[in-house]
Amino acid sequence: SPSVNPQPHFTGGLIKLSSRLCLAVVLSAWLTGVAIQAPAFSASAVSDGVRYYNQGYIQKAIPLFEKAYKANPQDEQANLWLARSYKKQGGTELLNKAKMHYESVLQSNPNNIEALTDLGEILSWNPNTRPQAMIYQQQAWELDSSNVDTARLLSTIYGWERRYNEALKYADAIAPVMQNNTAWLKDYAHLLGQTRARADEAVRLYEGPLQGELSKTDALRGDY
């Protein structure tokens, strides 16, 4: 009688293996699609949030920045805009969130001047974290010594610490471009007066561009 070829015993196993491979391929394709779409979604959400932010609707912008961050936590722009928004809103809780996002930016981009400057500014408001604030601001200054905001903050921080000569180092650097800023000139004159050796420069400011600005309290203190 003709022989009958027996069915291989592993057919069922091959079918199961094939099914698993198909599932793996489908899952991999889905995950790849998600990975590709995440940065695109994040960029779109940031763009929409920026429009609200620039129009002054920060509370509408924040949820969009948060969605962008959740879609792609490494997105530098999502972290920066969230940090800016939280900082602008203020309050302890939001400022702590701002710090976290600025720190996230610096982890991937240690030379981001805005993150260094703004994080340093937030830390400078607490005397206990002011030394770290100086470090961040110094790093920003070393990266761009023409940055007016950085120099102004460094001058302010050293002034708070009564390190007036160091404060004047940065104030002097931006003095040529700040001559029309009355509020800054008053701070500058105050620093000059505190060093004593340069008090005559403070007097010249109050006799010139700041004429009439010297308050009775300042006069009584004899700073100038």
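At roughly what angle do the axes of helix α3 and helix α4 cross? The axes of α3 (residues 76-89) and α4 (residues 92-108) cross at roughly 155 degrees and come within 8 Å of each other. This is a predicted model, in which local features need pLDDT of at least 70 and side-chain atom pairs count only at pLDDT 80 or more, while totals for chains, interfaces and linings use all residues. Residues are numbered from 1 along each chain as its sequence is written, and side-chain values use heavy atoms, with hydrogens and water left out.

**The chain as a whole**

- The protein chain has 11 helices and 0 strands; helices (H or I, at least four residues) and strands (E, at least two) are DSSP runs, numbered from the N terminus.
- Of the 224 residues in the protein chain, 37% are buried, where buried means under 20% relative accessible area, exposed means over 50% and partly exposed lies in between (1.4 Å probe, protein chains only).
- The protein chain exposes about 13,700 Å², and carbon and sulfur atoms supply 54% of this area; accessible areas come from the Shrake-Rupley method with a 1.4 Å probe.
- Among contacts in the protein chain with a separation of 6 or more, 43% are between residues 24 or more positions apart; contact means heavy atoms within 4.5 Å.

**Helices α3 and α4**

- Two packed helices are described by the angle between their axes and the distance between the axes.
- The axes of α3 and α4 cross at roughly 155 degrees, so α3 is roughly antiparallel to α4; angles over 145 degrees count as roughly antiparallel.
- Axes are lines fitted to C-alpha atoms, for helices over the stretch in contact, and angles run from 0 to 180 degrees between N-to-C directions.
- From α3, the residues making the contact include L80, A83 and K87, and from α4 they include L94, K97 and H101.
- By class, the contact of α3 with α4 has 9 nonpolar, 5 polar and 4 charged residues; Ala, Val, Leu, Ile, Met, Phe, Trp, Tyr, Cys and Pro count as nonpolar, Asp, Glu, Lys and Arg as charged, and the others, Gly among them, as polar.

**Two residues**

- K97 lies in helix α4 and counts as partly exposed because its relative accessibility is 32%.
- The C-alpha atoms of K97 and K87 are separated by 8.4 Å, and the two residues are 10 residues apart along the chain.
- S155 lies in helix α7 (residues 148-160) and counts as buried because its relative accessibility is 6%.
- Not counting residues up to four places away in sequence, S155 touches A167, Y170, A171 and L191.

Key. Parallel < 35°, antiparallel > 145°, perpendicular 65-115°, else oblique.
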